[in-house]
Amino acid sequence: METIPAKHLLHRSRDTQWFGTDHTMNIYRGCCHGCLYCDSRSDCYQIGEFDRVRAKADALRILRDDLARKVRPAFICTGAMSDPYNPFERELELTRYALELIDAYSCGVAVATKSDLIVRDIDILASIQTHSPVICKLTVTTADDALAAKLEPNAPPPSRRLAALGELSGAGLFAGVLLMPVLPFLEDSEENVLSVVEGAARAGAKFVYPALGVTMRQGQREYFLDALERAFPGQGLKERYLRQFGDRYQCVSPRVKTLWKAFAAACRERGVLYDMKSIIRAATLAGRDRQLTFFD
């Protein structure tokens, strides 16, 4: 695999509103899941040839040095830009070794992925959760494997992701679903949204966090709209998007009020968290409870 230079692996977040994390980490650059809607394709991120995965050169040494410089343990988010469990991770194990370093330096981690490969690292994630918060986030935008195959052609199907969620939850890890994006005119039906909530609840999810719409900005917008035309020929989706949203960045579903009401009610009925403050509070308490159990 081609490598690219990096000075640091850990970067401080501007705030801690996103799942309570205070640092970000990306071992890889680019992603081969082929998701039509991925915001990381946007020009502002300057990731050329986004579909080609590259690793950060000497990543583990750099991460070790970054961790050693921390005055207090970090709570690290990974997967925001590039999936840490891309297919190459199965052999390279860079994410696994990074988690071992995070564990050794008593830090917490929040992992976002579309891959069921995350279950391979349950042992390390469980070890981290004995001393720090752990949040496992499986992205599921639809429970329909056939639809997902068009929108996320190279990612494991949602049925496998939900099965992985069940394994993570069964191991006592704080795990849930990122229901985002919910694509207008394709996924923004009550049936689709509620099927994801139901599947997540059955798998033991602690939370489902939604974005009932999609983002479009320079670079990514053009790719996304053209890809929609190829994946769903004859449906006029590109024209519908342009007519509804123009050049807006935040493209919220026209049905957002109805969807939110149904979504929130379903989550409350099944005891699944869905607002960020509650998720952060529960994840922090889960780690604290595990620590108390560990030291009993």
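Three strands, in the order β1-β5-β4, make up an open sheet of mixed pairing, where strands are DSSP runs of E with at least two residues, helices are DSSP runs of H or I with at least four, both numbered from the N terminus, and two strands pair if DSSP finds at least two bridges between them. This is a predicted model, in which local features need pLDDT of at least 70 and side-chain atom pairs count only at pLDDT 80 or more, while totals for chains, interfaces and linings use all residues. Residues are numbered from 1 along each chain as its sequence is written, and side-chain values use heavy atoms, with hydrogens and water left out.

**The open sheet**

- β1 (3-4) and β4 (28-29) are the edge strands, each with a single partner strand, so one side of each is left without a neighbour in the sheet.
- The pairing of β1 with strand β5 (residues 54-56) is parallel and runs over 2 bridges, and within it T3 stands opposite A55 of β5.

- Strand β3 (residues 23-25) pairs with β6 in the parallel sense over 3 bridges, and the bridge partner of M25 in β6 is T78.
- Strand β6 (residues 75-78) in turn pairs with β7 in the parallel sense over 4 bridges; here F75 stands opposite G108, and C77 stands opposite A110.
- β7 also pairs with strand β8 (residues 134-139), again in the parallel sense, over 5 bridges, with A110 opposite I135 in β8.
- In a regular strand the side chains alternate between the two faces of the sheet.
- β6 is covered on both faces, since F75 and C77 on one side and I76 and T78 on the other are all buried, where buried means under 20% relative accessible area, exposed means over 50% and partly exposed lies in between, with a 1.4 Å probe and protein chains only.
- In strand β7 (residues 108-113), 6 of the 6 residues are buried, so the strand is largely enclosed by the rest of the structure; G108, A110 and A112 point one way, whereas V109, V111 and T113 point the other way.

**Helix pair α1 and α3**

- The axes of helix α1 (residues 59-68) and helix α3 (residues 94-104) come within 10 Å and cross at roughly 20°, the axes being lines fitted to C-alpha atoms over the stretch in contact, with angles running from 0 to 180 degrees between N-to-C directions.
- α1 and α3 are therefore roughly parallel to each other, given that angles under 35 degrees count as roughly parallel, over 145 as roughly antiparallel, 65 to 115 as roughly perpendicular and the rest as oblique.
- The crossing of α1 and α3 is right-handed, a crossing being right-handed if the near helix is turned clockwise from the far one by less than a right angle, and left-handed if anticlockwise.
- L60, L63, R64 and L67 of α1 meet L94, Y97, A98, L101 and I102 of α3, contact meaning heavy atoms within 4.5 Å.
- The residues of this contact of α1 with α3 comprise 8 nonpolar, no polar and 1 charged, with Ala, Val, Leu, Ile, Met, Phe, Trp, Tyr, Cys and Pro counted as nonpolar, Asp, Glu, Lys and Arg as charged, and the others, Gly among them, as polar.

**Helix pair α7 and α10**

- Helix α7 (residues 190-202) packs against helix α10 (residues 256-270) at an angle of about 20°, with the axes 10 Å apart, which makes α7 roughly parallel to α10.
- The crossing of α7 and α10 is right-handed.
- From α7, E190, V193, L194, V197, E198 and A201 meet T258, L259, A262, F263, A266, C267 and R270 in α10, and the residues of this contact divide into 9 nonpolar, 1 polar and 3 charged.

- Helix α8 (residues 220-231) and helix α9 (residues 237-245) have axes that come within 8 Å and cross at roughly 145°.
- F224, L225, D226, L228 and E229 in α8 meet L237, K238, Y241 and L242 in α9, and by class this contact has 6 nonpolar, no polar and 3 charged residues.
- G246 lies in the loop between α9 and β12 (250-252) and is partly exposed, with a relative accessible area of 27%.
- Leaving aside neighbours within four places in sequence, G246 is in contact with M216, R221 and Y241.
- G246 and R41 are 205 residues apart in sequence and 19 Å apart in space, C-alpha to C-alpha.
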